[in-house]
Amino acid sequence: MADEEINGDTDDIQHDKAQKKTAKHDSGVADLEKVTDYAEEKEISSQDISGALSLIGDRRNKEAAERLEKEKELQKVLVKKDDIELIVREMEISRTIAERTLREHRGDVVAALTTLTN
């Protein structure tokens, strides 16, 4: 009879361990389902996508217009050829970069050279 009690206790212990293990795994599954349920509920409509694309297109057009306006303003700035040559010779950079930097600094050679050295 002592053997039956020991075996019965062992079966109970194993059964309890199995229940704890199952309960532990079930809680993880429930947590995972909470996360996936939220993701499944969220849908993207084609109208939202087309709206987002139009916003991106509008922003690009606006930025392009701003760049064009800035280029027009820079072309209005008068710079001396001697100043451009000085910057090209001293900084060993291309003529276009030297001219652009000089125009950005409104023809100020010192400011342009300072920017190029920093």
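View 1. Helices here are DSSP runs of H or I with at least four residues, numbered from the N terminus. This is a predicted model, so local features need pLDDT of at least 70 and side-chain atom pairs count only at pLDDT 80 or more, while totals for chains, interfaces and linings use all residues. Residues are numbered from 1 along each chain as its sequence is written, and side-chain values use heavy atoms, with hydrogens and water left out.

**View 2. Where H3 meets H5.** The axes of H3 (residues 81–91) and H5 (residues 109–117) come within 11 Å and cross at roughly 25° (axes are lines fitted to C-alpha atoms, for helices over the stretch in contact, with angles from 0 to 180 degrees between N-to-C directions). The two helices are therefore roughly parallel, a label for angles under 35 degrees. On the H3 side, Asp83, Leu86, Ile87 and Met91 make the contact; H5 brings Val109, Ala112, Leu113, Leu116 and Thr117 (contact means heavy atoms within 4.5 Å). That set splits into seven nonpolar, one polar and one charged (Ala, Val, Leu, Ile, Met, Phe, Trp, Tyr, Cys and Pro are nonpolar; Asp, Glu, Lys and Arg are charged; the others, Gly among them, are polar).

**View 3. Ala112 up close.** Ala112 belongs to helix H5 and is buried, at a relative accessible area of 0%. Skip its neighbours within four places in sequence, and Ala112 still touches Ile87, Thr101, Leu102 and His105. Leu102 is ten residues away from Ala112 in sequence, yet their C-alpha atoms are 5.4 Å apart.

View 4. Most residues other than glycine have a negative phi. Glu92, which follows H3, isn't a glycine but has a positive phi of about 55°. You'll find Glu92 in the loop between H3 and H4, exposed at a relative accessible area of 73%. Arg106, also no glycine, has a positive phi of about 55°. Its loop is the one between H4 and H5, and Arg106 is exposed at 57% relative accessible area.

Technical notes: Parallel < 35°, antiparallel > 145°, perpendicular 65-115°, else oblique. Buried < 20%, exposed > 50% of the residue type's maximum accessible area, 1.4 Å probe, protein only.
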